[in-house]
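Here is a briefing on the structure below.

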Amino acid sequence: MSNIEAAEVAAGPETERKDYGPAPSKAEPSRAGWGTRTVLALLCALWLIPVLGTLITSFRSESVANSSGWWRVLGNPAFTLTNYSTAWTDGQMGSAFLNSFAITLPAVFIPILVAAFAAYAFTFMQFPGRNFLFLLVVGLLVVPNYVAFGPVLNLYGKVGLGGQIPAVWLAHIGFGMSLAIYILRNYMATLPMTVIESAKIDGATHFQTFFRLVLPMSVPALASFAIFQFLWVWNDLFVALVFVGPGDNAPVTVGLNNLVGQQGNGWNFLSAGSFISMIVPLGIFLGMQRFFVRGLTAGAVKG
Amino acid sequence: MKRSLRGRFALGLSAVLAAASLAACGGGGSGSDSNTVTIWSSVDAPVQAGLEKALVAKAKADGIKINWQSVKDINTLIMTKIAANDTPDIAFIPQPGVVKDIVSRGKAFSLDGVVDQANLDSLIPGVTDAGSVDGKLYGLLVSANVKGLVFYPKQAWDKAGYQVPDSIDALNSLTDQIKSDGTTPWCVGIGSDAATGWPATDWLETLIAKYGGTQGYNDWVSHKTPFSSDLVKQAAAEFSKLVLTDGNVYGGRSSIASTAFGTAGNPMFKNPPGCMLFNQGSFITGAGFFPDNIIKNIDQNVGVFGFPPATAGGDNPVEGGGDMAVMMNDSANVKKIMNYLSATDIGNDAAPTSSFISPHTDFDTSLYPNEITKNAAQVAYDSTAFLFDGSDQMPGAVGAGTFWTEMTNWITGDEDINTALQKIDDSWPSS
Amino acid sequence: MKLLSALLYVVVGIGAGVAVYWILNKIAELLPNKAEERVKPFLYILPAYLAISIYLIYPTIVTVFRSFQHQAGAEWQSVGLRNYTELLQSSDFRDALFNTVLWIIIVPALTVALGLAVATLADRLRPTSENLAKTVIFLPMAVSMVGASTVWKFVYAYNASPDSKDQVGLLNAVKTAVGGDPTPWLQNDTFHLNSLLLMVILLWSQVGYSMVLLSAAVKGVPVDTLEAARIDGASDRQIFFQVVVPQIKGTLVTVFVTVLISVMKIFDVVYVTTGGQFNTNVIGNAFFKMFNTNFDYGKSYAIVVMLMIAIIPVMIFQVRHFKQEEANL
């Protein structure tokens with residue numbers, strides 16, 4: 001499931017404000033009545049229970065987890081850290097984390113760069129065929145990325161790229177390009193044309209306008225897309241499995257997947273491993289919270 | 001402006017240089033170093049550890065390094081990797097059908113002349129058949145598992161004084177006797193998430209092997225004999241009699257498809273036992289299936305006997321599976337390693353610490369960690385032929401597709417047996 | 001060494017990306033002015049189009065082409081419409097089609113509704129509680145699908161024993177504790193219960209996305225419009241439906257459409273739990289099995305082509321919507 005569904009920012013003109021980061025509208029805090037609080041608390045509890053269950057299970061041995069539900073842990077605390085330690089060593093997590101970063105970071109930054117340039121061109125430059133080319137990009141959203149596995153693998157095989165880390169992030173770049181361009185272009189279209197015009201009058205080239213004006217103003221959309229793209233690539237199993245496969249270059253997802261034995265035993269390592277792997281995306285999300293709130297509010301959304 | 005220009009130029013240049021150095025460092029997946037042999041396998045971690053230890057010791061003298069990777073979905077992955085030109089030197093393939101596919105793509109090398117004949121001769125008869133294509137050997141069985149084993153809770157069994165049956169008829173009588181003694185005879189579970197149904201195929205294959213013998217079995221596997229034939233229907237009828245009869249299976253017929261196969265046998269160890277008989281493969285004695293406290297003293301808690309032949313003392317082939325080493329690179333070093341893998345003693349380190357079973361009849365059985373593994377292995381060594389798991393030899397559409405799903409549909413009662421068998425036949429790919 | 005190599009990959013990757021643009025720009029600058037203006041836009045979109053061509057356009061062409069073929073051994077033969085007719089005649093495939101439609105009808109609407117509900121309700125809380133609630137709802141997005149399947153295994157697990165103590169799955173433990181018999185949830189397809197349960201997993205995993213986007217949209221509604229409505233004496237509900245919703249319609253539509261498209265392609269939720277058995281199969285999963293298990297590539301491509309054709313109406317709607325927005329600007 002593609003999580004590249006990133007920050008679709010605004011489809012509407014900005015409100016007249018002096019700065020480009022509007023104050024978010026907020027109903028008075030006192031509006032949070034007990035009804036609201038209860039409903040939210042209930043939802044959060046429902047959301048958390050499965051995670052809690054898995055967390056507890058990751059500290060129990062496979063045999064215990066198979067025979068008694070995790071809610072019985074209070075009566076039978078058979079805590080063990082072996083799931084985590086085995087997942088770390090057998091899954092070669094140290095090296096797998098490095099691989100995951102090596103795969104994810106370029107796969108996040110490069111599409112942003114490339115898509116931003118293209119989006120800029122589609123928004124601010126006039127050229128023949130502009131609408132058609134853009135619609136083609138949008139149209140390609142219908143293509144599921146698993147379609148590409150076969151033909152691209154063949155290509156990689158001929159070029160000798162198979163099994164190398166660039167194989168994966170190049171693939172992620174290709175797969176995410178359509179949505180990235182679509183989203184960034186829509187966001188850029190909401191930027192005030194007047195500012196761009198005046199820069200042009202002042203003699204700035206497109207390159208300068210792009211780097212010094214448009215890009216900084218688009219940071220909210222870029223950041224939001226980056227976060228979702230990071231999540232998608234970090235948690236991806238199939239693209240990595242197919243293009244890089246197991247071995248020295250395996251990222252965390254592939255390493256964890258291999259912990260499960262031929263007969264499906266050893267899934268307890270998977271539960272522990274999932275939590276180990278979860279730390280990074282969670283950290284990114286928590287750390288970038290402010291981008292989310294502020295970023296996506298730039299430009300009031302109008303129907 | 002000038003400064004940023006230079007900055008960008010420097011960045012670009014360093015990028016190119018870095019790329020070149022990266023290439024020189026050789027950041028690759030499959031053995032870029034000609035003295036390293038890459039092996040991929042999906043065997044369980046303890047088995048791999050044991051085999052690797054023995055292999056590394058042997059290869060040391062030749063100065064060969066071993067890079068052994070655990071690859072979970074090797075059956076599907078290997079085909080993708082062939083397309084990507086990114087294959088290991090040796091691949092352990094658990095499905096003969098996939099071995100055939102690799103050979104048909106021209107990516108496997110024949111083992112004739114590569115491995116010592118003596119090593120091949122010590123294999124259980126029939127082992128080399130599954131790995132051969134057009135008479136040439138491509139897949140060498142290194143690690144085996146035995147199927148068609150019946151496990152029972154030793155203490156309850158001995159207390160009740162049951163005897164190991166020597167024929168299928170005797171097994172029927174034993175089932176009835178257990179039932180009349182007030183215990184549910186069988187535990188059966190075929191649930192396996194996306195692969196639900198495969199244990200039922202093992203049941204059927206065992207029965208077909210016992211009733212049809214080696215020839216009848218092989219004809220069925222190669223589809224010379226269709227699923228709708230009398231042989232298969234006879235096997236299905238026997239399964240139905242033993243397991244689907246009311247009151248014969250723990251949890252009732254309706255629970256079979258939803259009970260996870262790995263823990264399906266655990267009610268055996270309840271007090272009083274939930275059931276007395278559990279048909280599964282030898283892997284079930286490894287960690288993660290039977291409860292830990294049972295495994296700790298496994299020889300006192302669990303007993304095993306081979307599924308009996310159709311007639312007492314008659315033809316008794318055993319069904320089994322395993323991982324076959326396929327040579328995908330014919331360099332001199334890889335050939336040496338293949339030969340080491342074919343030796344009987346390659347399993348000496350793996351046997352005591354894992355569920356490893358050697359396919360060599362001259363293996364030192366004292367190395368097995370417990371009686372139950374020894375007995376399971378002995379079932380194979382005593383058999384008249386080792387027949388590789390049928391569904392693993394069939395084309396994927398059937399062996400990992402309709403065979404599983406139609407068996408499940410039949411067992412849950414959604415379909416009658418004739419419809420199910422016909423559907424499997426219809427799904428056999430025409431080319 | 002590994003660390004160094006990983007760092008190098010990142011630096012080289014990103015550095016190369018920047019370098020490419022810099023070079024392209026230099027090339028454009030070398031040309032005489034008039035030509036430069038004309039060529040530049042194309043240079044700007046060139047890398048993007050290169051990526052799209054290799055990874056999306058080329059595979060699509062191959063897919064459509066090969067969907068009319070069949071691979072026997074190592075050779076491809078043309079078989080006309082045979083792949084398509086065989087698929088459409090197969091009841092299993094038709095079931096998968098129907099199931100996919102079910103997913104499409106239920107999931108996107110629920111995702112948007114739930115996301116909006118959480119966004120609106122959380123908006124009323126104090127900032128710290130709001131952040132907490134939103135983080136909790138977002139949490140499942142940090143879990144990979146394989147991890148999610150392990151997580152939900154402990155909710156849906158089944159054990160034949162009627163004793164609650166033997167149950168490992170939460171639902172069955174509750175059911176047996178109140179005296180019922182355990183149910184094999186994922187194998188029960190009466191009224192498509194198992195498909196619905198799988199949809200729950202996807203919802204759990206994806207509502208975070210719609211919540212984040214809709215929360216931003218909700219926060220972007222100008223306070224004055226809310227206050228004006230309140231002064232006029234409108235109730236909370238009226239304010240929500242008549243003031244807030246119309247102003248976030250753009251985001252609502254976009255979130256809905258993007259979720260819709262991704263649900264149509266969905267396969268990994270089904271693949272890692274039931275593999276499509278027990279009438280849970282969907283098109284994406286049907287493709288995967290045809291490709292990876294049956295190795296019938298021609299047919300698998302036919303499946304994808306049909307899927308793409310089915311998504312086209314959605315795309316047309318989205319393009320029209322975009323054009324409308326364009327006109328409003």
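A residue is buried if 20 or more other C-beta atoms lie within 10 Å of its own, exposed if 12 or fewer, and partly exposed in between, with C-beta atoms placed from the backbone. This is a predicted model, in which local features need pLDDT of at least 70, side-chain atom pairs count only at pLDDT 80 or more, and totals for chains, interfaces and linings use all residues. Residues are numbered from 1 along each chain as its sequence is written, while chains are lettered from A and ligands numbered from 1 in the order in which they are written.

**Helix H10 of chain B**

- Helices (H or I, at least four residues) and strands (E, at least two) are DSSP runs, numbered from the N terminus.
- Helix H10(B) covers residues 230–244.
- Its expected span is 1.5 Å times one less than its number of residues.
- The buried residues of H10(B) are Val232(B), Ala235(B), Ala236(B), Glu238(B), Phe239(B), Leu242(B) and Val243(B).
- Viewed down the axis of H10(B), these buried residues fall within an arc of 160°, so they line one face of the helix. The arc is that of the directions from the helix axis to the C-beta atoms.
- An α-helix has 3.6 residues a turn, so residues three or four places apart point the same way.
- What do the buried residues of H10(B) pack against? They pack against helix H8 (168–180), strand S8 (186–187), helix H9 (198–221) and helix H17 (417–427) of chain B. Contact here means that the C-beta atoms of two residues, placed from the backbone, lie within 7 Å.

**Strand S11 of chain B**

- Strand S11(B) spans residues 318–327. Of its 10 residues, 10 are buried, so the strand is largely enclosed by the rest of the structure.
- Two strands pair if DSSP finds at least two bridges between them.
- Strand S3(B) (residues 90–93) pairs with S11(B) in the antiparallel sense over 4 bridges. Ile90(B) has Met327(B) in S11(B) as its bridge partner.
- Strand S6(B) (residues 139–146) also pairs with S11(B) in the antiparallel sense, over 7 bridges. Here Asn145(B) stands opposite Gly321(B) in S11(B).
- Strand S12(B) (residues 386–388) runs parallel to S11(B), joined by 3 bridges. Gly320(B) has Phe388(B) in S12(B) as its bridge partner.

**Domains within each chain**

- Domain bounds come from an automatic or database domain assignment.
- Chain B is divided into domain 1 (36–145 + 321–374) and domain 2 (149–318 + 389–427). Their centres, taken over C-alpha atoms, are separated by 28 Å.
- The contact between them takes 15 residues from domain 1 of chain B and 17 residues from domain 2 of chain B.
- On the domain 1 side of this chain B contact, helix H4(B) (96–104) and helix H14(B) (371–382) are the elements that give two or more residues. H14(B) gives the most, with 3 residues.
- That side divides into 5 nonpolar, 8 polar and 2 charged residues. Ala, Val, Leu, Ile, Met, Phe, Trp, Tyr, Cys and Pro count as nonpolar, Asp, Glu, Lys and Arg as charged, and the others, Gly among them, as polar.
- Chain A is divided into domain 1 (32–80) and domain 2 (90–297). Their C-alpha centres lie 33 Å apart.
- The chain A contact takes 7 residues from domain 1 and 5 residues from domain 2.
- Helix H1(A) (34–57) and helix H2(A) (62–67) are the elements that give two or more residues to the domain 1 side. The largest share, 3 residues, comes from H1(A).
- The domain 1 side in chain A divides into 2 nonpolar, 4 polar and 1 charged.
- Chain C is divided into domain 1 (2–66) and domain 2 (82–328). Their C-alpha centres lie 34 Å apart.

**Contacts between chains**

- In the contact of chain C with chain A, 100 residues of chain C touch 103 residues of chain A.
- Helix H2(C) (residues 33–66) gives the most to the chain C side, with 17 residues.
- The chain C side divides into 70 nonpolar, 20 polar and 10 charged residues.
- In the contact of chain B with chain A, 29 residues of chain B touch 31 residues of chain A.
- Strand S2(B) (65–70) and helix H3(B) (74–83) are the elements that give two or more residues to the chain B side. H3(B) provides the largest share, 4 residues.
- The chain B side divides into 10 nonpolar, 14 polar and 5 charged residues.
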